[in-house]
Protein chains: 4
Amino acid sequence: MLPLLVEHVAAARERLPEAVFRYFAGGSGDELSLGEAADAWRSYRLLPHVLRDVRRVDLTTRLLGEVYVSPVGVAPSGFQGLAHPDGELASGGAAGAAGHPFVLSTRSSHRLEAVAAAVGGPWWFQVYVMRDRSLTEALVRRAAAAGARALVLTGDTPVVGRKRHLTGTRIDLPDDAFLVNLAEHMGERPDRAAAEQDPGVTLEYVGRLAEVSGLPVLVKGVLRADDALACLDAGAAGVVVSTHGGRQLDRALPSALALPAVARAVGERGTVLVDGGIGDGLDCLVALALGADAVLLGRPVVWALAAGGREAVGGALAAVHDDLAHAMALAGAASLGAVDDSLVARPHG
Amino acid sequence: MLPLLVEHVAAARERLPEAVFRYFAGGSGDELSLGEAADAWRSYRLLPHVLRDVRRVDLTTRLLGEVYVSPVGVAPSGFQGLAHPDGELASGGAAGAAGHPFVLSTRSSHRLEAVAAAVGGPWWFQVYVMRDRSLTEALVRRAAAAGARALVLTGDTPVVGRKRHLTGTRIDLPDDAFLVNLAEHMGERPDRAAAEQDPGVTLEYVGRLAEVSGLPVLVKGVLRADDALACLDAGAAGVVVSTHGGRQLDRALPSALALPAVARAVGERGTVLVDGGIGDGLDCLVALALGADAVLLGRPVVWALAAGGREAVGGALAAVHDDLAHAMALAGAASLGAVDDSLVARPHG
Amino acid sequence: MLPLLVEHVAAARERLPEAVFRYFAGGSGDELSLGEAADAWRSYRLLPHVLRDVRRVDLTTRLLGEVYVSPVGVAPSGFQGLAHPDGELASGGAAGAAGHPFVLSTRSSHRLEAVAAAVGGPWWFQVYVMRDRSLTEALVRRAAAAGARALVLTGDTPVVGRKRHLTGTRIDLPDDAFLVNLAEHMGERPDRAAAEQDPGVTLEYVGRLAEVSGLPVLVKGVLRADDALACLDAGAAGVVVSTHGGRQLDRALPSALALPAVARAVGERGTVLVDGGIGDGLDCLVALALGADAVLLGRPVVWALAAGGREAVGGALAAVHDDLAHAMALAGAASLGAVDDSLVARPHG
Amino acid sequence: MLPLLVEHVAAARERLPEAVFRYFAGGSGDELSLGEAADAWRSYRLLPHVLRDVRRVDLTTRLLGEVYVSPVGVAPSGFQGLAHPDGELASGGAAGAAGHPFVLSTRSSHRLEAVAAAVGGPWWFQVYVMRDRSLTEALVRRAAAAGARALVLTGDTPVVGRKRHLTGTRIDLPDDAFLVNLAEHMGERPDRAAAEQDPGVTLEYVGRLAEVSGLPVLVKGVLRADDALACLDAGAAGVVVSTHGGRQLDRALPSALALPAVARAVGERGTVLVDGGIGDGLDCLVALALGADAVLLGRPVVWALAAGGREAVGGALAAVHDDLAHAMALAGAASLGAVDDSLVARPHG
């Protein structure tokens, strides 16, 4: 992990209430997935080229019709207001100002319209399918109206993973924190159950979401090639390979090991993003070489927020972006098009 | 291992005499098999599905013509009276009340008829083939008469594995504890040698046992595909993949690694169960994905017995069952029929 | 390692002068081979059979026309007089009395005729090819006359491996200790250089040794299939797979990993023995399953000698033999003919 | 690592200013490559031959038309004057006197003509392509005039790897240390930027260098078979497999793992050298068996310089050479021609 990111973790640990730090830091079950995500990226070795012209390393990234300065984006972590009062206004602002992809969580601590304004450029909206689907549909229409360019449908959370490390802790979350984006759609006596994730949602709903919102839909949490293809067949524009930060099914195949088969299956038919355990430019380079179109940072953004708000988020994104550019230069790859799977090997099994 | 099960181990360690704790806890030889059984399950990774309808996760399990609420059952540990006075009455009662499979050991601390009554539903009887086969045959006839629905013939104990950790310890076992179920068949001057396991028993005896008892016979301790087929050919209804809790041949291939080949070989021809090192729902999910029809818990039941008798056993079974249901929901598998080997991979060798 | 063997090591460490203990205990170079020999056996897993008739487990072993009670024999460690005054008289006597194979080192601390008498049955003679080949030839003729049934030609010691751990130590070896078996062939003013190993000896000499001695010749130190075949083609009756106790080429492929290819290549054409790191019956069972006809114990015999002379050597051999018989019973193999490579797997790479 | 080399490290750590020690010792990024280079050599196992004539082990090495006494040479570490005042005069002198290959760094602390005189035999010149190519070309012409027999073009350093361990340290390098070999080509007001490495240099420049200098060119830093072939096609006489001492792209495939594919691709078309993590004769033997024509020592030469100047460098080179000869004798290989890839295996993955 880049030294700056390590500093952010340390600062977050110091500044955040312990329960909040643990809320963001922890995973489900035995936290086996949580613990091995980063190591999985580091299990790859790089096979750089020599003597290539790398005077200019171009990280320009085209995703779903938009152009970004970098393939390093922000993952949709919820409740960023717990990390910093500015929350998603700060993370979105930092990402947008520098041209990084930004995915806003449904569980944003700020209204999506405000965040959209803070980003000031393209952004995507993450969504759960709620038991009351009219809530979901109202929300995605609103997101589209506010300028979201894509939806990220979280597919790996039919039920919520059990976080043993949270047993006995309690986060002081204002009662309406959960409802920042939902309250206006829920009537005077909000029924929180209606806003819970619906464990009955199926692939068919992908098409419905696309239709309702008029936006491309990426399915997040895909770890299997067959699922990726099924998502595309159901109308998805792509997938996000993810183990949900090690917070859902423990022992899920790490993103770094699941990515190659998913990316090969998707090929040119769709967009493939990945998150989980990425901490420097070498991790990014491995992900891109294995077929990802972009990578998303989750906890690093949260820790940066806690450590220094928008400026620190910008610093973290820039540091990873810059480290990736440096790694690409050392690998003899002057553009993302030159990054292919011949750059990586996994010799230790 | 689930936190509740860890608590049970701690309570058992505190409450049981040291020699008894060590009797149940230990393995044979260098205890290499004992030590790696759980890790072998954890060496698999899961490839969950996204966006499947998992509103209802159905664990209904059909085994040898009976329907159980759960594929999580009780393995035939002997001498459960050492762990709790109620012994098998408690473990069998807990399993039966909740609809879990239950296998009673020949070396039960309570008469099999009493345990049958405590279970109050289907149960299976584990049997060794004794030097005096008339003893074995009398016993299995009695078990059948008492309502056993199947026999589990232990096949991996022609001689008893050497437990170095028991050297120098002595368990205060009443002289007749060994004979609770056998005494009435052994005459006035019981010859314990007659009740020892016969190292000369061969596969042919499987058919004889089935014939004598009128019950389906599973062979326990099978780790090889060819043995599994030979058992079926000899008249077995299936096998239990097991290393006998690491108490027989040390360095035996762990159940978790032996299971796939055995299950593939058996296919639809018979029933495959597995035990050894299973401590939570993820282990169960891996076992089911690798082809097991059900899993059996050995030591976890003993520790629960010691920790809190019948109630604790019920709690342990429910916790594992519930964790399995949760894992299946997260994996997108709403029924056991949806659990196949595409859900697992073993990427680290 | 069997507890008894561990006790012997501890006793040897206590009783022997440190330099002597280190002389026997150490290896060459970084001692990487020394350290991994035992682990290599333990990297295999066993796939036992169930329900086989193992009332009698027969370890009768036929080697080069002789019948032994056991496939567990004594490797040719030199200078056993350093471990115990009775040296090879004790180890040979213990092996011979119980019917174990015994290989006497050229560098025996006792005259070969005396050892032959102590063995009282078949034994083999280990030989280096010396610079003055007439010495070698006189010696092997004498060994044959004294009743040796085979020669074991050490092939892995063209030069002596460097034992860093011996730097700065000095063993008080009487000047003629080296020459116990050679003195009478070397004239009045012995030239020790003449008795050094000849780095120029080649495979052709195998046939010469067989011719001179009239005995079958095994080549010791073979780790490659092609070398094994070349030895047979040169007239050898078989090979001993060995890394010389980790005392010659460090990082040599461990015996346990080299054995399968060598045994497959040799097949029925010759005899295959193996040594290095064997410490219990499970190691032996793995070796036999991988194709060895017998196994040899080196250091365990030396430590037993130091711990308790002939009686302790007998105890060590019996303990390993008995542990092998027990393991075979648990594996469902009633004779060496039933031990095949289906009994072993190496699932962890 | 050979004990003598370990002593040199300890002496260097004691004698050198901490910043200088860290300058030479450190690597880039997380120093993952730095840390695993040596282990990668040690992950191979050796399969020695028995009974080969090894009375004379011949290490005579022919490289690019010159004959050397040994395949163990000196890698082009820069600024050796920081380690010892005599710097490259000492290391080159030691190598030349004993007949080892010697590669002089462009960033030598002494003028190349003086070093050439100190070597007194064939030597090679390492070169970066500078932004001002006339500088590079003047330099290589001068090297050729001074007797260099080959150029080693560093290809893995289009930009400089980030050495986190150097953050906050400062080496007292005289202002002109960088320019010892360049000053006379740079005019009165030297522009250091002109002497920086040009990130735009491509394979085409290999031919240009060969033409300008009239010397064969090896490209250093090649880890891929396709790059190796591309270098040959561009006019290179061969490659040096290298991760630049773990100082450039962290997580690059270790030299020991990259070498086999590169050597196979190059075959007889060119020369293959290798460096990185080599610390004894066994490492060298593995490298030669995997297809290297020679190996280069980087840090071991620097530490020897610091420990004892020219004499210590000579001692280090002799120790590694001698250990290789010893290992070859034990492996039954009497000449480099007998060292092939059947001597190595990598059984642990």
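In what order do the 8 strands of the open sheet in chain C run? The order is β4-β11-β10-β9-β8-β7-β6-β5, and the pairing is parallel. Helices (H or I, at least four residues) and strands (E, at least two) are DSSP runs, numbered from the N terminus, and two strands pair if DSSP finds at least two bridges between them.

Before walking on, a word about the model. It is predicted, so local features need pLDDT of at least 70 and side-chain atom pairs count only at pLDDT 80 or more, while totals for chains, interfaces and linings use all residues. Residues are numbered from 1 along each chain as its sequence is written, chains are lettered from A and ligands numbered from 1 in the order in which they are written, and side-chain values use heavy atoms, leaving out hydrogens and water.

Back to the sheet of chain C. Its edge strands, each pairing on one side only, are β4 (72-74) and β5 (103-104). Helix α11 (residues 299-331) of chain C packs on the sheet and touches β4 and β11 (294-297); contact means heavy atoms within 4.5 Å. The direction of α11 makes about 165° with that of β4(C), where axes are lines fitted to C-alpha atoms, for helices over the stretch in contact, and angles run from 0 to 180 degrees between N-to-C directions. Elsewhere in the sheet, β6 (residues 123-127) and β7 (residues 148-154) of chain C pair in the parallel sense over 5 bridges, and C:Trp124 stands opposite C:Ala150 in β7(C).

Now turn to chain A and its helix α1 (residues 3-15). The buried residues here (under 20% relative accessible area, with exposed over 50% and partly exposed in between; 1.4 Å probe, protein chains only) are A:Leu5, A:His8, A:Val9, A:Ala11 and A:Ala12. They cover an arc of only 170° around the axis, so they sit on the same side of α1(A); the arc is that of the directions from the helix axis to the C-beta atoms. On the other side, A:Glu7, A:Arg13 and A:Glu14 are exposed. Among the elements covering the buried residues are α2 (18-25) and α11 (299-331) of chain A.

Two loop residues deserve a look. A:Phe79, between β4 (72-74) and α4 (87-98) of chain A, has a positive phi near 55° and counts as buried at 9% relative accessibility. B:Arg251, in the loop between β9 (238-241) and α9 (255-266) of chain B, has a positive phi of about 70° and counts as buried at 1%.
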